Amino acid sequence: MLNRFIKLRAGMAVCALMMLNVPAAAAAAAAEFDRGQALYESHCGECHKSWAHTRVQRKVENVSELRERVVAWSAHTGQVWSAEDIDDVVQYLNRRFYQFTEQP
């Protein structure tokens with residue numbers, strides 16, 4: 001009977017420790033989610049493959065121009081993006097393709 005009690009208590013301790021890790025796992029998953037990337041891939045990625053951003057004669061030369069393009073294309077495609085949405089997409093594109101040193 002005592003061994004069964006000890007095993008039960010050990011199992012409860014393991015469950016309690018696993019429950020403590022749930023918030024940490026959720027935070028890690030949230031950190032991995034890139035909202036700008038998700039918006040871009042779901043609304044822009046169909047037409048704009050990586051070649052559009054990496055071609056030698058691309059027309060965007062700084063973050064301001066990149067923001068203007070995102071605003072123009074979001075309107076052109078009928079998206080109703082908030083300023084935060086646009087910021088997220090600009091930050092994603094800059095990080096992923098452009099690497100302009102100025103801050104978006």
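A salt bridge is taken here as a side-chain nitrogen of Lys or Arg within 4 Å of a carboxyl oxygen of Asp or Glu. In this predicted model, the side chains of D34 and R95 meet that criterion, with an N to O distance of 2.2 Å. Because D34 belongs to the loop between α1 and α2 (35-43) and R95 to helix α5, the pair ties together parts that are 61 residues apart in sequence. R95 is partly exposed, its relative accessibility being 48%.

The count of salt bridges comes to four. Another of them pairs R35 with D88, whose closest N and O atoms are 2.5 Å apart. R35 is placed in helix α2 and D88 in helix α5, so this contact ties together parts that are 53 residues apart in sequence. The two partners fall into separate accessibility classes: R35 is partly exposed, at a relative accessible area of 33%, while D88 has 17% relative accessibility and counts as buried, the limit for that class being under 20%.

R67 and D87 also form a salt bridge, with 2.5 Å between the closest N and O atoms. This pair links distant parts of the chain, R67 being in helix α4 and D87 in helix α5, 20 residues apart. R67 is partly exposed at 24% relative accessibility, and D87 is likewise partly exposed, with a relative accessible area of 29%. Through salt bridges that share partners, R35, D85 and D88 are joined into one network.

Helix α4, which contributes R67 to the pair with D87, spans residues 63-76. Its 14 residues reach 20 Å from the first C-alpha to the last, close to the 20 Å expected at 1.5 Å a residue. The buried residues in α4 are V63, L66, V70 and S74. Viewed down the axis of α4, these buried residues fall within an arc of 65°, so they line one face of the helix. They pack against α5 (83-98). On the face of α4 turned away from the buried side are the exposed residues E68, A75 and H76.

The side chain of S74 reaches the backbone oxygen of V71 at 2.9 Å. When neighbours within four places in sequence are left aside, S74 is in contact with Q79, W81 and I86.

The average pLDDT is 77, and 63% of the residues score at least 70. Confidence is lowest in helix α1 (residues 2-32), where the mean is 54. The highest value belongs to α5, at 94.

Technical notes:
Residues are numbered from 1 along each chain as its sequence is written. This is a predicted model: local features need pLDDT of at least 70, side-chain atom pairs count only at pLDDT 80 or more; totals for chains, interfaces and linings use all residues. Side-chain values use heavy atoms; hydrogens and water are left out. Helices (H or I, at least four residues) and strands (E, at least two) are DSSP runs, numbered from the N terminus. The expected span of a helix is 1.5 Å times one less than its number of residues. Buried means under 20% relative accessible area, exposed over 50%, partly exposed in between (1.4 Å probe, protein chains only). The arc is that of the directions from the helix axis to the C-beta atoms. Contact means heavy atoms within 4.5 Å. pLDDT is the predictor's confidence in each residue, from 0 to 100. A polar contact is a pair of N or O atoms within 3.5 Å; within protein, one must be able to donate a hydrogen and the other to accept it, and residues adjacent in sequence count only if both atoms are side-chain atoms.
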